[in-house]
Amino acid sequence: TVITSEDPDNFFVPEWLPVGRREIEAYCEQILTPVLSPGARYGYGHRILEYFGYDQLETSVRKLAKDPDSKSGNIDLWDPAEGVGDLVNPKSPCVNKIWPRLRRGELFISVTIRSNDIGEAYLGNAFAMRRFQAKYLGMLKEKMGEPKLRLGDLIIKSESAHLYESSWANVEETVKRHWKEVMQGPAVRKDPYGSFRISLDSAA
């Protein structure tokens, strides 16, 4: 997924989405706070700001401000000891890595999501990452003294994008009712490199 123009201060939230503006705002808040919710196995804000013993957001911003060409300002949320080593109660965040970089005065951020529930969590993750990108940009502008820096693309790579059975009916109904409306809307842009449908002949 490549998000190019979503306003992080005024998200486009049509009424037919499975989540409303209030839920989206609450989800966005948790990625910017180090506080871990009671009973939660992990929290993105907690992993970014406190879990590893230091503020990864501040450290990454400082690195990029010092060296705008840096490709190593990664923010990692994956802890191998917890995500892989604990076989009884793994604490495995779906968002694994956030990679910020500057290009031609724009802040681009790539996000790697290990497991992306398209029917439920995808929207919250996408909105929250855009809000996080805006937060990062604000900090970077201040640190560099460069108020003209702009938001670039948000690139989301899902290693496993899937629908759970509990979401099938809702997704199918949403597609039936709103597919044409969405695809003809101003937010959809055709890929200049083209779109391809690949099918396999089962008889071959």
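## The whole chain

Read from one end of the sequence to the other, the chain follows the pattern β-α-α-α-β-α-β-β-β-α-β-β-α. That gives 6 helices and 7 strands, where helices (H or I, at least four residues) and strands (E, at least two) are DSSP runs numbered from the N terminus.

This is a predicted model, in which local features need pLDDT of at least 70 and side-chain atom pairs count only at pLDDT 80 or more, while totals for chains, interfaces and linings use all residues. Residues are numbered from 1 along each chain as its sequence is written, and side-chain values use heavy atoms, with hydrogens and water left out.

Show the C-alpha trace: its atoms fill a box of roughly 55 × 45 × 45 Å along the principal axes. Of the 204 residues, 36% count as buried; buried means under 20% relative accessible area, exposed over 50% and partly exposed in between, with a 1.4 Å probe and protein chains only.

## The sheet, from its edges

Next, colour the open sheet of 5 strands, whose order is β1-β6-β4-β3-β2 with mixed pairing. Two strands pair if DSSP finds at least two bridges between them. The edge strands, β1 (2-3) and β2 (75-76), each pair on one side only.

Start at β2, which pairs with β3 (residues 95-103) in the antiparallel sense over 2 bridges. Select I75 and its bridge partner I98, then D76 and its bridge partner K97.

Move on to β3 and β4, which are antiparallel and share 8 bridges. Two of the pairs to pick out are R101 with F108 and P100 with I109. The hairpin of these strands has 2 residues between them, and R104 there takes a positive phi near 50 degrees.

How many of the residues of β4 are buried? The count is 7 of 8, and the strand is mostly covered. On to the next pairing: β4 and β6 run parallel and are joined by 7 bridges. Click I109 again to find L154 of β6 opposite.

## The helix on the sheet and the core

Now select helix α5 (residues 121-144), which packs on the sheet and touches β1, β2, β3, β4 (106-113) and β6 (150-158). Contact means heavy atoms within 4.5 Å. The direction of α5 makes about 140 degrees with that of β6; axes are lines fitted to C-alpha atoms, for helices over the stretch in contact, and angles run from 0 to 180 degrees between N-to-C directions.

The largest nonpolar core has 38 residues, and I48, I98, F132, Y136 and L140 have the most contacts inside it. Such a core is a set of buried Ala, Val, Leu, Ile, Met, Phe, Trp, Tyr and Cys residues joined through side-chain atoms within 4.5 Å. At least two core residues come from each of α1 (21-30), α2 (44-51), α3 (56-66), β3, β4, α5 and β6. Helix α5 supplies the largest share, 11 residues.

Finish on I98. Leaving aside neighbours within four places in sequence, I98 is in contact with residues including I48, I75, I109, V111, M129 and F132.
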